[in-house]
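Please look through the briefing below alongside the sequence and the 3D view.

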Amino acid sequence: MNARTTHVALITGDTLHLLGLREILKQQRDGMVTIDHFGSFDEFKNSGADDCDILYVEDTILALNSDFFRGKRCYVIPIISGVSPQEVPLESDGAQVYIHPRWDYATLEATIKASFRASHVIKESTAEKGLSAREEEVLKEVARGLTNKEIADTLNISMNTVMSHRKNITAKLNIKTVSGLTFYALMNNLISGEEVVERASD
């Protein structure tokens with residue numbers, strides 16, 4: 001079977017971010033990559049390029065236009081630049097759902113390679129994934145940043161029940177990280193960006 005070209009879109013007004021990302025992206029999949037660049041959200045929205053395979057977008061643009069991006073079939077990767085690279089933790093299993101433009105080259109390249117591997121997995125609705133109503137409730141609280149104990153207290157269930165639900169959620173969604181679960185919840189309308197931001201600022 002012939003390999004399919006991966007369509008990547010970049011939304012960033014930062015020329016240095018753009019040039020650096022383009023160079024790494026062009027080296028992926030033996031060059032079988034097409035790259036479109038948009039300097040603003042409006043330019044991207046009006047282009048009709050939202051059917052791309054992977055979308056790298058500045059975190060501020062994503063936050064301000066979260067309703068538009070929810071449910072998109074493309075694999076959305078936020079570009080986080082408002083904090084230092086040290087404040088953006090690397091996931092232990094390499095399953096990043098964001099990038100920082102000031103990470104070292106090896107880290108950026110590894111993260112981008114991981115996003116290409118993951119991009120073929122199209123996000124489905126929680127109903128299609130078979131999450132129960134209680135599992136959705138637990139997922140929402142995880143996305144809000146609550147600990148297992150806080151979730152147990154909030155939902156009036158035991159810690160063991162919370163841990164059991166989290167294990168089931170991880171297995172059904174095949175997402176192992178809190179950041180990944182948070183992103184999934186955002187993209188599937190289970191939680192708003194404001195709720196995540198409010199919790200992070202507490």
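Helix 9 is followed by Asn 174, whose phi is positive, near 55°. This is a predicted model, in which local features need pLDDT of at least 70, side-chain atom pairs count only at pLDDT 80 or more, and totals for chains, interfaces and linings use all residues. Residues are numbered from 1 along each chain as its sequence is written, and side-chain values use heavy atoms, with hydrogens and water left out. Helices (H or I, at least four residues) and strands (E, at least two) are DSSP runs, numbered from the N terminus.

**Helix 9**

**Strand 1**
- Six of the six residues of strand 1 (residues 6-11) are buried, so it is largely enclosed by the rest of the structure.
- Strand 1 pairs with strand 2 (residues 33-38) in the parallel sense over six bridges (pairing requires that DSSP finds at least two).
- Val 8 stands opposite Ile 35 in strand 2.
- Four bridges join strand 1 to strand 3, and the two run parallel.
- Leu 10 stands opposite Tyr 56 in strand 3.

**Strand 4**
- Strand 3 (residues 54-58) and strand 4 pair in the parallel sense over five bridges.
- The bridge partner of Tyr 56 in strand 4 is Ile 77.
- Five of the five residues of strand 4 (residues 75-79) are buried.

Definitions and conventions
Buried means under 20% relative accessible area, exposed over 50%, partly exposed in between (1.4 Å probe, protein chains only).
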